[in-house]
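Subject: Structure handover

Hello,

Here is the structure you asked about. Please open it first, then read the notes below.

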Amino acid sequence: MTRFSLLLVLVSHVWVADPPGDVLLGRGWAHVSLPLFHHGYLTFIVNTRSFEVWGPDGRLRCFVAMERPEDLSIMGVAVDSGGSIAASYASRTASGIEAGIAYFDSNGTRTRTVETGKYMPAHLAFDGNQNLWAFGWQRDSSGEYEERRDYMMLRKYSPAGHEKGRFGRRALLPRGGLTPGGPSRGLARLHVAKDRIGAIAFYGDTSEITAWIELGLDGHVISQWRLGDSNGGLAFAQDARLFRVVVERTTRLEVFDRASAEWRNAGGMTPQGFLLGVQNGQLVFGRDDGVVRITSADVPKLQKHR
């Protein structure tokens, strides 16, 4: 079991009074992926063909079992602010492994499918305008290996599912090691702030070596930095501050200082578990207390780094 797994939570359908704001759910998380947190919703990839969506009220919104295409494997799930859902998948076809994105309404009814061919949209996130962003990688013509030519790692889709652009050249990162946009079964690696989007890219031979690629919502690359270990969770605040939880002898919250490209202590807050994301100006944490618990805390009022 990985160390961040010990901090995993699910959302709850029972509001409790002590401490205020905590939410509990009588459901274990074993045998499912790490949860993805988007716009107050938590999603869980249950197995290769199915996922769950839990709403901001803590209730199970839907369980989706994807029946087509055959031989599929779900890679990522995202929910927009209105509850609509997108799930990316890879499937073995006569032409090799190909991929697509399936869209669902808030009840889990499939509404449309976008085929992406050899592009593997491993990670998904909706921005504030209901555009869907994908971060992933390109297979070569055989469908078995990464494309050796340069390609764009991110794609943007309109609310209707039409491709609006491709961004973030593969050449931004060195070859060798893991594919930068490769899958990670539930660990959130695509994050949205008010006016930009950030992707956690694998940068070396292990998943602990990462880079942060930051783009404007028009797709231009703002910058990139070596990120370090974020296996205690990461959150991208609306003002574009980047937070992480570090799990060592003590667990601490840190904020990324763009000027020095270093992590700084974020004011002494004690993290309440795995850092899932940001919602309504609060950091959202999760932990397992025998029952699963989700806790929120105000985003620290630190100087904004741009």
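Among contacts in the protein (heavy atoms within 4.5 Å) between residues at least 6 apart in sequence, 44% join residues at least 24 apart.

Some ground rules. This is a predicted model, so local features need pLDDT of at least 70 and side-chain atom pairs count only at pLDDT 80 or more, while totals for chains, interfaces and linings use all residues. Residues are numbered from 1 along each chain as its sequence is written, and side-chain values use heavy atoms, with hydrogens and water left out.

Overall make-up. The protein has 25 strands and 0 helices. Both are DSSP runs numbered from the N terminus: helices are H or I with at least four residues, strands are E with at least two. There are 306 residues, and 56% of them count as buried. Buried means under 20% relative accessible area, exposed over 50%, partly exposed in between (1.4 Å probe, protein chains only).

The cores. A nonpolar core is a set of buried Ala, Val, Leu, Ile, Met, Phe, Trp, Tyr and Cys residues joined through side-chain atoms within 4.5 Å. The largest has 24 residues. Met120, Trp133, Phe135, Met153, Leu154 and Leu190 touch the most other members. Several strands supply at least two residues each, including strand 9 (96-104), strand 11 (119-126) and strand 12 (132-138). Another core, of 16 residues, lies apart from it; Phe51, Met66, Ile74 and Val79 are among its members.

Lys118. This residue sits in the loop between strand 10 (110-117) and strand 11. Is Lys118 buried or exposed? Lys118 is buried, at a relative accessible area of 14%. A polar atom of its side chain lies 3.5 Å from the backbone oxygen of Ile97. 4 strands form an open sheet in the order 3-4-5-6, with antiparallel pairing. Two strands pair if DSSP finds at least two bridges between them. Strand 3 (36-38) and strand 6 (60-65) stand at the edges, each with a single partner strand, so one side of each has no neighbour in the sheet. Neighbouring strands here are turned by 20° against each other on average, direction ignored. The axes are lines fitted to C-alpha atoms, for helices over the stretch in contact, and angles run from 0 to 180 degrees between N-to-C directions. Strand 5 (residues 50-54) joins strand 6 through 5 bridges. Glu52 has Phe63 as its bridge partner in strand 6.

Best wishes

Note on methods. A polar contact is a pair of N or O atoms within 3.5 Å; within protein, one must be able to donate a hydrogen and the other to accept it, and residues adjacent in sequence count only if both atoms are side-chain atoms.
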